[in-house]
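Student: Can you walk me through this one? I'd like to go piece by piece.
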Amino acid sequence: MTPSDASRPGERTDGAVAGDRPPPSGPRQTPTPLGRLVATVERLRREVREAHAAADGRALVELAKGILMGRLDCTPAAAARQLDELCREAGLSPLELAADIVNQAARDQVSEIAAEFVERNATAQPAPRAATVGVRLRTAESGALAAADTQAVAESLLANALTPLGSVAVAVWAAAPDGSLALAGHAGFPAEEASRWRHVPPGVATVPRLALRERAAVTLSDPEREGLPSVGHLQWPRGGRMAVPAGTGGRVHGVLEVIWPHPLAPLPPPVHRQVEALAELCAHTLDTAPPPAAAPEGLLPDVSELIDLAEGLHDPTVILTPVLDPGGRLADFRIRHVNSRFADPVGRARADVNGALLLEAYPTAAGDSGLFDIVERVHATGEPFRAERVSLTSLVDQIPLTSVADISVSRHGAAVLLIWRIEDETARLANLLQHAQRLGRIGGFEENLATGGITWNSELYALHGLPGTAPPVPLRDLPAHAHPDDAAALGRFLRAVLRYRRPASVNLRLRRSDGILRHIRVVAEPVLDSAQRLHGVRGACQDISAQHWTEVALAATRDQLALTEAESAERNRLALQLQHAIMPPEHHVEAPGLRVAVRYRPAETESLVGGDWYDTLVLPSGLIMLSVGDVAGHGIEAATGMVVLRNALRGLAVTGAGPGQLMSWLNTVTHHLTKQVTATAVCGLYDPRTRVMRWARAGHLPPVLVRKDGAEALPLIEGLLLGALPDVTYAEQEVALEPGDTLLMFTDGLVERRDASVQDSLAHLLDTVTSGADDLDGRLDGLLTESWSDTDDDTCVIGVRVD
């Protein structure tokens with residue numbers, strides 16, 4: 001059922017709810033005694049409801065007559081006649097006209113709601129009348145003011161104002177300071193259901209609890225879907241609900257909960273305003289104390305009692321009372337009293353704060369979740385608030401100064417008691433020092449040599465493994481608790497402090513009574529009196545056992561690392577010697593019609609023993625074998641693999657096979673090595689008689705041919721790197737050399753660069769070799785000098801000059 005302000009069947013035109021009509025006449029039946037009793041009870045109920053409605057209506061009419069008497073200065077009889085004459089002229093019922101007269105005279109929330117309803121529906125056809133809304137609210141107001149208790153108020157609200165809105169039940173909850181809710185009044189519920197919800201303990205999530213927490217109206221179209229139970233959820237499990245806090249003067253006394261039988265469509269704003277107005281009527285019946293606005297300007301009785309209480313407290317205390325605006329809403333809090341122990345966060349005197357408004361004295365308290373919001377919530381709900389380390393900010397010459405305090409806020413009658421304890425800097429630093437000593441396992445001591453008194457902190461007792469009731473150990477007796485090997489160092493320490501009166505420190509091994517040996521560092525200084533005589537000693541002891549054993553472990557680790565480094569350096573030295581013995585940095589080969597020069601540059605880092613090799617060999621057939629290669633990786637394994645492959649290629653070359661076949665056999669050797677070696681290589685067989693060189697490559701960069709008109713890399717032919725597959729066939733290619741030509745074979749250490757592609761590196765090499773020296777040795781030396789490589793790898797270069 002959707003709430004509406006239109007009249008419904010069963011609603012009388014004078015605003016009172018009509019009684020139940022008898023069913024249509026039918027065949028007459030003989031009534032039974034029980035039937036007569038039920039009919040009698042129903043008739044009496046109907047008469048009671050009509051009597052209540054009539055009484056509420058008469059109260060409203062009498063109020064209108066009183067207003068006319070005051071305006072016209074006439075007698076009650078004349079006011080009654082004037083009211084009847086106005087009713088005939090306006091075509092309204094006495095109840096509707098009485099509501100209009102009261103609205104015009106009151107200018108309160110009810111009259112504003114009626115005017116708002118007319119304004120919102122001014123264009124409707126036919127134009128609605130505000131009399132229905134005004135009559136309902138004024139009748140409900142009259143009934144509430146005349147009711148003896150909250151239960152009667154709830155019944156009047158449902159009968160006069162909420163049933164026309166489609167509501168079927170209403171509950172009025174009283175909020176207690178402990179957070180609990182009590183069902184103070186209800187209408188529309190069975191008696192058994194109401195008795196089950198007489199008391200709701202604190203912390204139970206219900207619809208009214210949600211409104212109380214938010215301090216605002218809450219509308220739930222389907223509470224069952226939200227999972228929030230409340231009274232009547234068995235009768236109307238999916239009934240819509242609206243809960244509105246009921247409060248006056250900034251205090252929330254309870255909650256008005258209205259229930260509809262079906263899921264609730266969005267309510268228009270006028271309906272919200274009507275329910276909020278009804279909630280305010282409930283608040284007056286729930287508030288048993290006199291409102292603060294009605295109190296004299298002097299101190300209230302409960303404030304006087306709080307002043308006596310505040311003066312007996314040791315913490316700074318502020319007593320606040322609410323300040324209301326002309327509309328009765330909370331605007332601020334007045335600082336009624338600050339006790340003698342009051343300490344302003346920014347150092348202002350009591351007189352500068354006492355009597356001021358809270359937001360004037362502390363304007364930054366109005367921020368979100370600030371001090372004002374906390375005080376307002378406590379004043380509204382009565383639930384006390386306590387928190388530690390809350391920031392309090394004040395403005396001094398427009399400069400914000402922030403202090404940290406523990407606060408406690410509670411409501412006492414019409415006043416609010418605010419207690420704060422500004423965090424003392426000395427206490428905070430002492431607490432910080434205690435935590436630092438605990439984390440650093442540092443114990444402090446002070447010894448009075450004149451009286452023999454000794455003071456230890458708890459950490460020093462724990463370090464010695466002694467209970468807090470045990471007598472402290474004097475500084476002179478410390479050698480008896482130390483390891484004998486530390487006696488000499490401890491003696492020097494004691495002489496420095498006690499005889500020479502100088503600060504000193506010592507590391508020793510402390511033997512505790514429980515058999516545990518701890519490594520500690522003792523730092524002490526002498527305390528001198530006014531005559532510069534030794535009066536006492538103070539100092540600290542730190543447990544450095546973990547640091548000691550860490551240093552021992554680090555020393556052992558460093559020794560092991562040094563040994564490992566020495567062994568690694570020796571292995572690399574032997575590998576380098578082997579590498580240099582096989583491939584000296586410079587090498588020349590004499591062959592008919594051909595001059596061969598070789599350059600080998602080992603890696604700059606000695607630990608990077610590489611697998612690069614070069615080889616030149618005059619075969620029995622008269623051919624000259626030229627080869628370079630590179631075994632993947634570094635270290636002993638790479639150097640060993642290099643020796644194996646270089647010697648294998650030498651042995652295979654004497655068979656007279658071509659370079660392609662030599663690469664195929666060398667691949668088989670590489671693949672079956674136990675270390676899973678992979679390598680690249682290029683091999684050429686030069687015939688001095690024809691000046692033709694046949695060559696093949698296995699994943700290696702091609703040779704470079706240098707002639708008078710420029711330099712170019714030989715075409716790239718197919719050839720997989722060595723060791724990847726067991727059986728690989730390699731292609732061959734021939735190149736005819738001419739007198740004056742230079743052929744270069746090299747490993748990637750000459751050209752490889754991290755930030756450039758292979759093509760760019762080759763292009764740089766071609767430019768370098770073209771502009772270099774003309775003789776063979778100068779050209780190879782220039783290549784090593786102008787090398788573009790930055791990979792810190794071995795480099796092998798073979799240069800062949802045809803005469």
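Tutor: Let's settle a word before we start. Buried means under 20% relative accessible area, and exposed means over 50%. Arg-209, at 13% relative accessibility, therefore counts as buried. Keep in mind that this is a predicted model.

Student: What does Arg-209 form a salt bridge with?
Tutor: With Glu-383. Their closest N and O atoms are 3.6 Å apart. Arg-209 lies in helix α8, and Glu-383 lies in the loop between α14 and β9, so the pair ties together parts that are 174 residues apart in sequence.

Student: And Glu-383, how exposed is that?
Tutor: Glu-383 is partly exposed, with a relative accessible area of 31%.

Student: How many salt bridges does the structure hold?
Tutor: It holds 20. Here is another: the side chains of Arg-196 and Glu-193 meet at 2.7 Å, N to O. These residues sit three apart in helix α7, so about one helical turn separates them. Glu-193 has 3% relative accessibility, so Glu-193 counts as buried.

Student: Which residues are linked in a network of salt bridges?
Tutor: Arg-595, Arg-599, Asp-777 and Asp-781.

Student: New topic: sheets. What order do the strands of the open sheet have?
Tutor: The six strands run β3-β2-β1-β6-β5-β4, with antiparallel pairing. The edge strands are β3 and β4, each of which pairs on one side only.

Student: What do strands pair through, anyway?
Tutor: Strands of a sheet pair through backbone hydrogen bonds, either parallel or antiparallel.

Student: How many bridges does β4 make with β5?
Tutor: Three, in the antiparallel sense. Thr-219 has Met-242 in β5 as its bridge partner. Val-218 stands opposite Ala-243 in β5.

Student: How many join β5 to β6?
Tutor: Eight bridges, and these two strands run antiparallel. Arg-241 has Ile-259 in β6 as its bridge partner. The hairpin of β5 and β6 has two residues between the strands, and Gly-249 there takes a positive phi near 60°.

Student: Are Glu-257 and Arg-241 buried or exposed?
Tutor: Glu-257 counts as buried, at 0% relative accessibility. Arg-241 is buried too, with a relative accessible area of 2%.

Student: Why is β5 called largely enclosed?
Tutor: Because seven of its eight residues are buried.

Student: Which strands does helix α10 lie across?
Tutor: β1, β2, β4, β5 and β6. Helix α10 runs at about 45° to β5. Helix α6 lies across β1, β2 and β6, and runs at about 45° to β2.

Student: Last stop, α21. What should this helix span?
Tutor: At 1.5 Å a residue, its 13 residues should span 18 Å. The end C-alpha atoms are 18 Å apart, which agrees.

Student: Which residues are buried in α21?
Tutor: Ser-761, Leu-762, Leu-765, Leu-766, Thr-768 and Val-769. Seen down the axis, the buried residues of α21 fall within an arc of 165°, so they line one face of the helix.

Student: What about the other side of α21?
Tutor: Gln-759 and Asp-767 are exposed there.

Student: And what covers the buried residues of α21?
Tutor: The cover includes β23, β24, β26 and α22.

Methods:
Residues numbered from 1 in each chain as written. Predicted model: local features only at pLDDT ≥ 70, side-chain atom pairs only at ≥ 80, totals over all residues. Heavy atoms only, no water. Helix = DSSP H or I, 4+ residues; strand = E, 2+ residues; numbered from the N terminus. Expected span 1.5 Å × (residues − 1). Buried < 20%, exposed > 50% of the residue type's maximum accessible area, 1.4 Å probe, protein only. Arc of directions from axis to C-beta. Contact = heavy atoms within 4.5 Å. Pairing = 2+ DSSP bridges. Axes fitted to C-alpha atoms, helices over the stretch in contact; angles between N-to-C directions. Salt bridge = Lys/Arg side-chain N within 4 Å of Asp/Glu carboxyl O.
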